[in-house]
Protein chains: 2
Amino acid sequence: MAKTPVLTPRAQDFPRWYQELVNKAELAENGPVRGTMVIRPYGYGIWERMQAGLDARIKETGVQNAYFPLLIPQSYMTKEAEHVEGFSPELAVVTHGGGKELEEPAVVRPTSETIVNEYFAKWVHSYRDLPLLINQWANVVRWEMRPRLFLRTSEFLWQEGHTAHATYEEARDFAARIHRDVYAAFMTDVLAVDVVPGRKTARERFAGALNTLTLEAMMDDGKALQMGTSHELGQNFARAFNTVHTTRDGRREHVWQTSWGSTTRMLGALVMAHGDDDGLRLPPLLAPQQVVVLAVKGDEPVLARVRELAARLRVEGLRVHVDDRTDVPFGRRAVDWELKGVPFRVEIGPRDLDDPSGAGGTATLVRRVPGTKEQRPLAELPALLPGLVQEDQALLLRRTRERRTERTSDVRTIDEAAQAAAAGGWARIPWALLGPEGERQLAARSVTVRCLTAEDGTVPAEDDAPGNLALVARAY
Amino acid sequence: MAKTPVLTPRAQDFPRWYQELVNKAELAENGPVRGTMVIRPYGYGIWERMQAGLDARIKETGVQNAYFPLLIPQSYMTKEAEHVEGFSPELAVVTHGGGKELEEPAVVRPTSETIVNEYFAKWVHSYRDLPLLINQWANVVRWEMRPRLFLRTSEFLWQEGHTAHATYEEARDFAARIHRDVYAAFMTDVLAVDVVPGRKTARERFAGALNTLTLEAMMDDGKALQMGTSHELGQNFARAFNTVHTTRDGRREHVWQTSWGSTTRMLGALVMAHGDDDGLRLPPLLAPQQVVVLAVKGDEPVLARVRELAARLRVEGLRVHVDDRTDVPFGRRAVDWELKGVPFRVEIGPRDLDDPSGAGGTATLVRRVPGTKEQRPLAELPALLPGLVQEDQALLLRRTRERRTERTSDVRTIDEAAQAAAAGGWARIPWALLGPEGERQLAARSVTVRCLTAEDGTVPAEDDAPGNLALVARAY
C-alpha cells in the first residue's frame with residue numbers, strides 16, 4: 001500500500017513542495033506585514049544551533065560581538081555613492097516617532113556599514129587600535145517585492161561582521177579567512193552542504209565593495225543559492241566617514257575594511273539541499289534533536305524502556321527527545337518526525353519487550369538520511385548511534401557534492417550556458433569567453449554568474465586572471 | 001599621594017558619575033538617532049553572559065525560543081484598548097517601504113503581545129495545544145524623550161516571554177514561577193543584586209494586564225530601579241485576537257495568558273548597584289573576564305610566568321584574560337581594569353620572580369570587590385581563587401541588601417514617605433493608609449509606589465489584601 005504523500009512531490013512542483021514543507025514542519029510562517037516571517041520554535045531551534053556554531057568560529061578569529069542601533073539617520077545612507085544606489089529601493093523608513101514627525105527620517109538598517117563607520121571613526125586613533133574586529137547578531141529590513149520564507153524576506157536575522165585594518169593586505173586576508181575558516185568550514189562540516197567558493201563579478205558585488213567572496217550551493221532543483229558573502233570594502237566607507245588612523249611612521253591614513261554576513265536564508269538552504277518528498281532531513285551534527293525515542297503504544301513497561309534508553313543515549317552526548325504522546329496515533333507521529341527531519345528515530349512497542357535472547361529487548365531504528373529501517377537489540381544502540389551520526393552527516397554532504405558534480409557541465413557558448421541553466425543545472429564557461437557583455441546577455445535570460453573560480457577550484461585574486469571560469473546558473 | 005579621580009565622585013554628581021563610567025569603561029555610547037545606543041564589546045560581553053544565564057533558566061521551565069516580526073500592522077495595536085493607550089505615545093512608525101508609501105503604516109514593535117496573539121490564535125485549537133510557552137530575544141523601540149544609556153533608551157534589547165494556558169490558575173502560577181525561579185533567582189544569584197518582589201498597583205501595571213509582578217532594586221543613590229516584570233494578562237488579548245481553545249469537556253474558551261520581560265536595563269542596574277568611585281565592580285559569577293593576569297613589565301621570564309599562571313587558572317574553570325601590553329604604562333592599565341570592574345587582578349613583575357623561599361615566586365592579588373591588595377605566593381593562586389569568586393560574589397549581594405535595609409524606613413504619612421524618598425531612601429507605608437489617592441499625591445512629588453508586598457515580604461494575591469505594605473521611592 002503506497003503512502004499518501006504529505007507534501008506535493010518535488011518533481012511535480014518544487015516551489016510548492018518548499019512552501020508546504022516549511023509550514024508543515026513548523027519551521028516558519030508568513031508575517032502580517034508583507035514579506036516578514038514568524039520563525040516557529042522548531043525552526044528557531046535550528047537557527048540557534050547555527051548561531052552557536054558560527055559564533056564560536058567567529059570568536060576564534062578574535063572578533064568580539066557588539067550591538068549597533070536599528071535606526072540609522074537617512075543622511076548616513078547617502079554618504080557612500082554605490083551603497084545608497086544599491087540599497088535605496090529596499091529601505092523601510094521611519095518618519096514618525098513619539099507621536100511627532102521626525103526632523104530627519106530614520107531608515108531601519110538594511111545593513112550597518114554606515115553606522116558602524118560613524119563609530120569606528122571615533123574609536124580608531126592609531127595603528128595600535130587596529131585591527132578592530134566586530135560582529136553583531138541582529139535583524140535587518142530590506143523591502144521585498146517577491147517574498148519567500150527564509151530565502152527572500154523583508155526582515156531577516158543575520159550576523160554582520162565589520163572590521164578595520166591598517167593595510168589592504170591585512171583586510172584582504174581577513175575577508176578570505178572568514179570566507180574559508182568560518183563560512184565554508186561551518187557550511188561543509190555542520191550544514192553538510194557542498195559549497196563552491198569564488199569571487200563575485202563587478203555586476204554582482206556588494207554595493208560599496210572592492211571585492212565580494214561568496215559561497216554558492218546547488219539546491220535540489222539545480223538552482224544556486226548564495227550561502228554567505230565576505231566583502232573587501234577597501235577604503236570606500238573609511239573615506240565617506242573619515243575613518244583615519246595614524247600609522248607607525250606618523251602618517252594619517254584611511255583604514256581598510258571588511259564586512260561579511262550569513263543569514264536565516266541558511267534555513268532555506270537546508271530545506272532545498274537536503275529535503276525529500278517526505279520532508280526535511282537535518283544533518284545530525286546540526287539537529288536540535290538528533291534522536292527521537294518513540295513509545296509506539298503506552299503501557300508502563302514500554303514507557304519505562306523509552307525513558308531508560310533516552311537517558312543512556314544522553315550519556316553518550318546525544319541530543320534526545322522522548323515522544324510519549326501515546327494518545328496521538330503512532331503513524332501520525334512518525335510522519336511528523338519524518339517531516340521535521342530528525343536524523344534517528346527509535347521506536348519501541350510492546351512486542352519489542354519480548355526478549356527470547358535474554359539480551360534486553362529490541363527496537364526499530366529508522367535512519368532519516370539513508371531512509372533505512374531495521375530491528376536492533378536495545379542494548380546496542382548507545383554504542384551504535386554516535387558512529388551513525390558521523391556516517392549520516394558524511395552521507396548528506398556527499399550527496400550534495402555528487403549532485404553538484406553531476407549537474408554541472410562545461411560549456412563554451414552563452415547559448416549552451418543558458419540551456420544548461422534552464423535544464424536545471426550549472427554551467428562552467430571560461431570568463432574570457434563570457435565577460436561583462438556575455439554576463440549581461442545571460443542576465444536577460446534570468447541566468448547569473450554565481451562566481452568566478454580558478455581552474456583548480458581556488459578563489460582567483462582578480463576578475464580577469466587568466467584561466468578564470470564563470471559558474472553560471474539560475475539562482476534564488 | 002592621592003589618586004587623581006578618573007570619574008566624578010558619586011557624592012558630587014551621581015548622574016554624571018554614571019554617564020562617565022558607562023563611557024570610560026567602554027560599555028556603551030549614545031547612538032545618532034535620539035535615544036538609541038551603541039553597546040560596545042565590553043558591555044555586550046556582559047549582556048551575552050546575562051542572556052546565557054537567563055536563557056538556560058527560561059528553558060528549564062519548558063519555554064522555547066521563537067521569533068516574531070519587528071514590524072506590526074498599526075491596526076493590531078488598537079485592538080486592546082488599554083494597550084494602545086499605554087503605548088501610542090512611544091511608537092516609531094514606518095510609513096514608507098521599498099520607495100513607496102505603505103497602504104497601512106507599520107509600527108516598530110514596542111512589545112509583541114499583539115502580533116504574538118495573532119499567531120497563538122492560529123496555533124491553538126484545543127487544550128492539547130496548551131500550555132503554549134514561547135520566548136524571544138529581540139530589540140524593541142519605544143520613543144524616549146529623556147534618554148539615558150541602558151536605563152531609558154529608544155531602542156533596547158530584551159527577552160519577552162509569551163504564554164497561553166487553559167485556566168486562570170495555571171497562567172497566574174506560571175507568571176509567578178518566572179518571577180521567582182527565573183528573574184529573582186538570576187538577579188540574586190548571578191547579578192548579586194538584592195531585589196524586592198512585589199505586585200504593581202493598578203496605576204503602575206502593564207498596559208493590558210490584570211496584574212504585574214515586579215522586582216525592585218535599590219541603587220547606590222537610594223532610587224529604585226525596576227529590574228524585570230511578569231504579567232498576568234488574563235483574557236484581555238485573547239478576547240481582542242480571539243485566541244480560543246476547546247476545553248476537555250468540549251466548550252470553546254479564551255486562553256489565559258502571561259508575558260514577561262527583562263532588558264539591557266540590567267546593565268545600568270549593575271553599574272548603579274555595584275559601582276564605586278573607581279568604576280564598575282562586576283559580580284564574579286557574571287564577569288566575562290573573572291581574572292586579569294597583568295605583566296607589570298615585559299621581559300620574557302615575566303611573560304612566561306604570566307602565561308603559565310593564566311593556563312593554570314583556566315584549568316580551574318576560571319575565565320582569564322592576559323594583559324601583556326607592556327608598551328602601555330602599568331598604571332594606566334590598572335586604572336582601566338578597575339574601571340571595567342574585573343573582579344580579580346593578578347600583577348606579576350620582575351621582582352616577583354625573586355624567590356628566596358624556593359616556592360616559585362609571588363604576585364600581587366587585587367580583589368576589586370573588597371578593594372584589598374596583598375602579596376601571595378603564585379603557587380597558591382589556582383587553589384585560592386575559586387573560593388574568592390564565591391566569597392566576593394556573596395559580599396556584593398550582602399552590600400546591596402544592607403544598603404536597602406539601612407535606607408528603608410517605616411512611615412505612616414504621605415509627607416514622611418515623600419521626605420524619605422527625597423532624602424535618598426525608600427519608605428514602607430501601609431497600603432490602607434495610602435491607597436490610590438495617596439499614590440496620586442506622591443506621584444505629584446515624583447515619588448511612586450514601586451510595589452505592594454505582604455508584611456512577611458511575600459507577594460500579595462490582591463492589591464487590597466489586609467496588611468499590604470506599599471514600598472515607595474523615587475525611581476529610574
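B:Arg367 is buried, its relative accessible area being 10%; buried stands for under 20% relative accessible area, exposed for over 50%, and partly exposed for what lies in between (1.4 Å probe, protein chains only). The model is predicted: local features need pLDDT of at least 70 and side-chain atom pairs count only at pLDDT 80 or more, while totals for chains, interfaces and linings use all residues. Residues are numbered from 1 along each chain as its sequence is written, chains are lettered from A and ligands numbered from 1 in the order in which they are written, and side-chain values use heavy atoms, with hydrogens and water left out.

The side chain of B:Arg367 meets that of B:Glu391 in a salt bridge, defined as a side-chain nitrogen of Lys or Arg within 4 Å of a carboxyl oxygen of Asp or Glu. This pair links distant parts of the chain, 24 residues apart: B:Arg367 belongs to strand β18 (residues 362-367) and B:Glu391 to helix α11 (residues 381-406) of chain B. Helices (H or I, at least four residues) and strands (E, at least two) are DSSP runs numbered from the N terminus. B:Glu391 is partly exposed at 45%.

| Pair | Closest N and O atoms | Helix |
|---|---|---|
| B:Arg177 and B:Asp181 | 4.0 Å | α6 (residues 168-189) |
| B:Asp336 and B:Lys340 | 3.4 Å | α10 (residues 330-340) |

B:Arg177 and B:Asp181 are 4 residues apart, about one turn of the helix. B:Arg177 is partly exposed at 30%, and B:Asp181 is partly exposed at 35%. B:Lys340, with 8% relative accessibility, counts as buried.

Over all chains, a search of the whole structure finds 70 salt bridges.
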